[in-house]
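Work through each task before reading its solution.

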Amino acid sequence: MHASPDSPAENNPHTLITALGIGQLCAWGSLYYSFPLIAEAMMADLGWSKTDVYGAATIGLVLAGFLAYPVGVAVDKGYGRALMGSASLMAGILLVFWSQVDSLPGFYLLVAGIGAVQAAALYEPAFAVIARRVGAAKARAGITAITLWGGFASTVFIPLVQLLLDHGGWRDALLVLAAINGLVCSIAYFGFIRPEKDAIHFNQPDLKNVQTTDRQEVRAAFRKPVFWLLMLALTAYAGTFTAFTFHMYPLLLENGLSTSNVVWAIATIGPAQVAGRILISIYGSGTSMRRIGSCVVAVFPLVFIVLALRPASMWMVTTMCIVYGASNGIFTIVRGLVVPDMLSRRAYGAINGLLTFPSTLARAFAPVAVALLWSNTMSYGVVVWAIAASATLLALSFWLAAWASQPMSKRVLGDS
């Protein structure tokens with residue numbers, strides 16, 4: 001027997017959203033934002049090159065890219081709890097082993113594994129869990145709330161990791177990050193993701209038929225130009241975001257800023273992301289993701305063009321970090337909702353996994369590509385211009401996707 005329409009599964013799952021939000025804050029902070037700081041400390045300690053260290057991250061993110069689609073399908077089938085909880089436990093174990101590593105092959109193996117588990121630990125599976133719990137059409141508020149939590153990841157973890165590095169070194173820092181994954185994240189996911197409460201059980205009792213329809217919906221998405229344009233836009237965004245995230249610490253140091261000023265400037269990105277998301281949740285609740293995304297993508301090229309001009313003022317750099325953070329915060333919501341808003345309200349996890357597959361590859365190759373570019377020029381000047389070009393591609397492809405996703409009559413009239 002299925003629950004009645006007024007089942008608790010139909011209500012806003014505040015507890016689940018909070019648990020996912022805390023898990024995302026810790027996962028992004030410990031698995032993603034901490035890497036550049038740990039990498040710099042390891043290079044100084046072990047004498048490894050920048051390309052050596054970032055090559056390991058590339059392999060891991062390539063694995064994550066290939067896992068994005070099967071993870072999305074698995075969440076669509078109700079395995080979000082097992083996937084996300086197990087990924088957090090595995091991340092904790094791998095971080096412990098990383099803290100003891102001395103050889104480059106061992107480092108590659110461990111960081112590759114950590115990159116792979118990100119496919120089941122970061123935003124995309126969390127978004128799919130919420131979409132399954134309340135239905136894709138009602139997922140906007142939940143996805144926004146999760147990104148509000150995740151927006152503090154860099155603000156909390158960059159100073160925390162720097163503090164751990166200053167007082168205990170990179171090995172002890174990794175042990176702390178391991179404990180955070182193994183305890184906080186795994187408890188959040190195992191304890192609060194409840195597949196039996198998903199809306200699909202109450203709205204679609206015939207699950208076998210739903211899964212068949214989902215496969216048809218995935219095939220239909222491939223035939224839509226907007227699918228490929230969004231894929232290009234999200235890939236360009238991933239390359240832009242990752243190249244800057246993994247290298248912003250040494251990039252800003254090269255501008256002549258002190259370590260404390262760089263940490264301060266970077267730490268403003270998190271609150272700016274949250275502020276942007278709060279503003280959108282308050283003032284943009286009735287606005288389509290198509291329109292919001294079309295506006296925010298215009299900001300990214302401007303930010304990186306200014307940084308490419310190498311401003312020496314700490315306040316100018318901080319301002320750019322704030323503007324970038326706010327734009328990035330808003331676009332995180334956009335990329336979480338473009339599937340139901342511009343493509344389909346069915347098979348969210350599967351379609352989103354397909355869209356983000358090349359994005360994950362871009363995340364994989366961007367750090368090492370930047371490291372190679374830096375090695376050839378011994379300067380981040382050309383790097384920032386390359387990031388600005390990627391941001392421009394993001395804007396152009398998203399604008400085309402927004403236009404292509406409209407009904408034909410609105411395209412003709414130019415209405416967005």
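**Exercise 1. Classify Glu254 as buried, partly exposed or exposed, and identify its salt-bridge partner.**

Step 1. Glu254 has a relative accessible area of 27% and is therefore partly exposed; buried means under 20%, exposed over 50%, and partly exposed in between, with a 1.4 Å probe and protein chains only. The model is predicted: local features need pLDDT of at least 70 and side-chain atom pairs pLDDT 80 or more, whereas totals for chains, interfaces and linings use all residues. Residues are numbered from 1 along each chain as its sequence is written, and side-chain values use heavy atoms, without hydrogens and water.

Step 2. The partner is Arg310, whose closest N atom is 3.5 Å from an O atom of Glu254.

Step 3. Helices are DSSP runs of H or I with at least four residues, numbered from the N terminus. Arg310 is also partly exposed, at 35%.

**Exercise 2. State how many salt bridges the structure has, and describe the one between Arg171 and Asp102.**

Step 1. The count is 4 salt bridges.

Step 2. In the pair of Arg171 and Asp102, the N to O distance is 2.6 Å. Arg171 belongs to helix 8 (residues 153-192), while Asp102 sits in the loop between helix 4 (80-98) and helix 5 (104-117), 69 residues apart.

Step 3. Arg171 is partly exposed, with a relative accessible area of 24%, whereas Asp102 is exposed at 54%.

**Exercise 3. Describe the packing of helix 6 and helix 16, and the salt bridge between Arg335 and Glu124.**

Step 1. Two packed helices are described by the angle between their axes and by the distance between those axes. For helix 6 and helix 16 the angle is about 55° and the axes are 10 Å apart. An axis is a line fitted to C-alpha atoms over the stretch in contact, and angles run from 0 to 180 degrees between N-to-C directions.

Step 2. Helix 6 is therefore oblique to helix 16; angles under 35 degrees count as roughly parallel, over 145 as roughly antiparallel, 65 to 115 as roughly perpendicular, and the rest as oblique.

Step 3. Tyr123, Glu124 and Phe127 of helix 6 make the contact with Thr332, Arg335 and Gly336 of helix 16, where contact means heavy atoms within 4.5 Å.

Step 4. Arg335 and Glu124 also form a salt bridge, with an N to O distance of 2.3 Å. Arg335 lies in helix 16 (residues 314-343) and Glu124 in helix 6 (residues 123-134), so this pair joins parts 211 residues apart in sequence. Arg335 is buried, at 12%.

**Exercise 4. Which geometry has the aromatic pair of Trp28 and Tyr32?**

Step 1. The structure holds 23 aromatic pairs. Rings of Phe, Tyr and Trp (its six-membered ring) pair if their centres lie within 6.5 Å; planes under 30 degrees apart are stacked, over 60 edge-to-face, and the rest tilted.

Step 2. The ring centres of Trp28 and Tyr32 are 5.0 Å apart and their planes lie at 70°, so the pair is edge-to-face.

Step 3. Both residues belong to helix 1 (residues 14-33), where 4 residues, about one helical turn, separate them. Trp28 is buried at 5% relative accessibility, and Tyr32 is buried at 0%.

Notes:
Salt bridge = Lys/Arg side-chain N within 4 Å of Asp/Glu carboxyl O. Helix = DSSP H or I, 4+ residues; strand = E, 2+ residues; numbered from the N terminus.
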